[in-house]
Amino acid sequence: MPKKIRRKLSDAVSGSKNFFLGIPRATRNLYKEIPHQVKSFKEWIFTFRGSLTILCIIGTILIPLITMDDYITTILISFLIFSIFAASWDLLAGFTGQTSFGHSVFFGVGAYVAAAFVKMAGLPWFFSMIIGAVVAVLVGLIVGIPCLRLKGPYLALGTMAFSLILFNLFMSGELKDILGSTEGISGLPAMSEDLIITFLYILIIMIISFVILIIIIKSNIGTIFKAIRDDESAADASGINTTKYKLIAFMISGFFAGIAGSLFSLNSRAVNPSVFLALYSFYAIVMVALGGLATISGSVLGAFVYWVILNELFKPLGMWGTVFLFFPTLISAIILVIMIRFAEQGILKPALEHLREFYDFLLGR
Amino acid sequence: MGVILEVKNLTKKFGGLTAVNDFSFEIQRGEFIGLIGPNGAGKTTVFNLISGFEKPNAGSIRFDGMDITGLKPFQIVNLGLVRTFQLVRSFHYMSVLDNVSVACLSPRGKKAAEKVGIDQYASRILSEVGLIDKARFPPVILPHGDLRRLEIGKAAGTNPQILLLDEPFSGLSYEEQEHIHALIRRLSNEGVTIFITGHVLRELMNLVPRVIAMHQGKVITDGPPQEVANHKLVLEAYLGRGGVFA
């Protein structure tokens, strides 16, 4: 054994003052400096991310106020709703590793329940929304319990089966009196007289949802979720009840997907079985993949790029004539493929990095 | 003192292969004990059975006077019986600190970390295993030796009474092995019962006062390392029956 190592070792065993297990003792105090968090809201606003977030929110509020265009406001409203939906999927798939392809189940249940409570019971929209979300949580439990035994692609297929079951159930003619069949529920009262007010309500709900989601993923529960995603048996070997936490993830995710679904039906003032289509699950997946998996805030960017830019920007092309009807979809699909090819991690992180350089440049750093 | 782990007539079959066959032993509280055997002897299966990752076909496991046969792995961990893996299993995309924090977030770990807080407690463990200066790195970029230390740190985070270390020395350089040696000795001195496997005798010889040797799922012999190393059946298990080398 080399002399140096032997000395270090003897230090380690005897507990010398300068070395501990061969590591200079001074570094042991490093742990005191590790937890560094922004302490208050005031402090957060002046950080790079904080100021960017505030700017984005102000921008989103200003667009409908300046243009006063109902069409643009409607698009922005659906963008906000889908960003909540995508973020809820991100919590389940990106953070907990439970890739669900049947997220439209929660969305659809929330949509139907909220619509039913507004129409039949005449409840105000806010309470119906909460009830819709709570019922979606219960559905999350019902879907979650059998699906917990499944992993990877099997889980994806299992959850997708649930969305197909519900779609066919709500479509069936035999249950028309109860579930409304293809017509669904229509003729709901508007959330508010003015579209801008509706927009602001939804914006506030979206911001609150995101704050809650981000608090959850930064908390201890978030750490456990990530551990389950990275290695489930290792989490088990660390004494974590993985079944319980996976169910919690299903429930939290179901709650926010339910809120998104409720808002969707309340805003469009009607709901039909198409909300259970796998299409809606794929909206969430595409948006999260675009923004960046396991980022939460990436789903806002993903929803914006997919819903506002890709879907709406090329729409005028389709109006050139019937031959060009497929053009918008084609172009947005091509752009989507290119984006996913060149930004596997999503576009949020590279975008933030470039913005950060610009920000530092502006501040003269 | 007293018996902390008591394994009786443990049997595990994989199809036609009996990996563990009527395996019985006892471990005293605070003991430092090794389990040796050639490749494929069933050491890891014994660990999997004790820690609840696999269900035995027959036999019972009593830990601290309680029957833990058939309990789920996390329940066993929360009683204080913790194992590490032969192939290191870390949470790849979380920081090293969070890797240990997860263990501290288990019900048992939480109780231990209550006084100082999870982050402080996890950092303290990291500084003890010597990874504090890498606390913010993800484990994917760490060398193998550091991952082994992290594995022990993760196990220590749950405040174990008995620690099952599955081949903690495999694939390590001499210097790294010495680090792990010192670490395990320190844990043992703190009163943690340690049960350690290895297929190379030399590594364990200097470390443990008592060794169980197993071959083809059965206990061959049980005793001090020198005695075990010279045991006829152990030599046969390692070197074959021909007696060319022995």
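Buried means under 20% relative accessible area, exposed means over 50%, and partly exposed lies in between, with a 1.4 Å probe and protein chains only. By that scale A:I334 is partly exposed, with a relative accessible area of 43%. The model is predicted, so local features need pLDDT of at least 70 and side-chain atom pairs count only at pLDDT 80 or more, while totals for chains, interfaces and linings use all residues. Residues are numbered from 1 along each chain as its sequence is written, chains are lettered from A and ligands numbered from 1 in the order in which they are written, and side-chain values use heavy atoms, with hydrogens and water left out.

**Chain A overall**

- The secondary structure of chain A comes to 16 helices and four strands; helices (H or I, at least four residues) and strands (E, at least two) are DSSP runs numbered from the N terminus.
- Chain A has 365 residues, of which 48% are buried.
- Of the contacts (heavy atoms within 4.5 Å) in chain A between residues at least 6 apart in sequence, 73% join residues at least 24 apart.
- Chain A exposes about 18400 Å², with 69% supplied by carbon and sulfur atoms; accessible areas come from the Shrake-Rupley method with a 1.4 Å probe, and for residues only the protein chains shown count as cover.

**Interface of chain A and chain B**

- In this interface, 32 residues of chain A are in contact with 43 residues of chain B.
- The two chains bury about 3300 Å² between them, 67% of it on carbon and sulfur atoms; buried area is the accessible area (1.4 Å probe) that two parts lose on being put together, summed over both.
- Seven residue pairs, both at pLDDT 80 or more, are in polar contact between chain A and chain B.
- A polar contact is a pair of N or O atoms within 3.5 Å; within protein, one must be able to donate a hydrogen and the other to accept it, and residues adjacent in sequence count only if both atoms are side-chain atoms.
- The rule finds one salt bridge across the interface, a salt bridge being a side-chain nitrogen of Lys or Arg within 4 Å of a carboxyl oxygen of Asp or Glu.
- A:D231 forms a salt bridge with B:R89, with the closest N and O atoms 2.9 Å apart.

**Salt bridges**

- Over all chains, the whole structure has 17 salt bridges.
- A:K246 pairs with A:E232 in a salt bridge, the closest N and O atoms being 3.0 Å apart.
- A:K246 lies in helix 12 (residues 242–268) and A:E232 in helix 11 of chain A, so the pair ties together parts 14 residues apart in sequence.
- A:K246 counts as buried, at 2% relative accessibility.
- A:R356 and A:D360 form a salt bridge (4.0 Å, N to O) and, being four residues apart in helix 16 (residues 348–362) of chain A, are separated by about one helical turn.

**A:S299**

- A:S299 is in helix 14 (residues 298–313) of chain A and counts as buried at 0% relative accessibility.
- A polar atom of the A:S299 side chain lies 2.3 Å from the backbone oxygen of A:I296.
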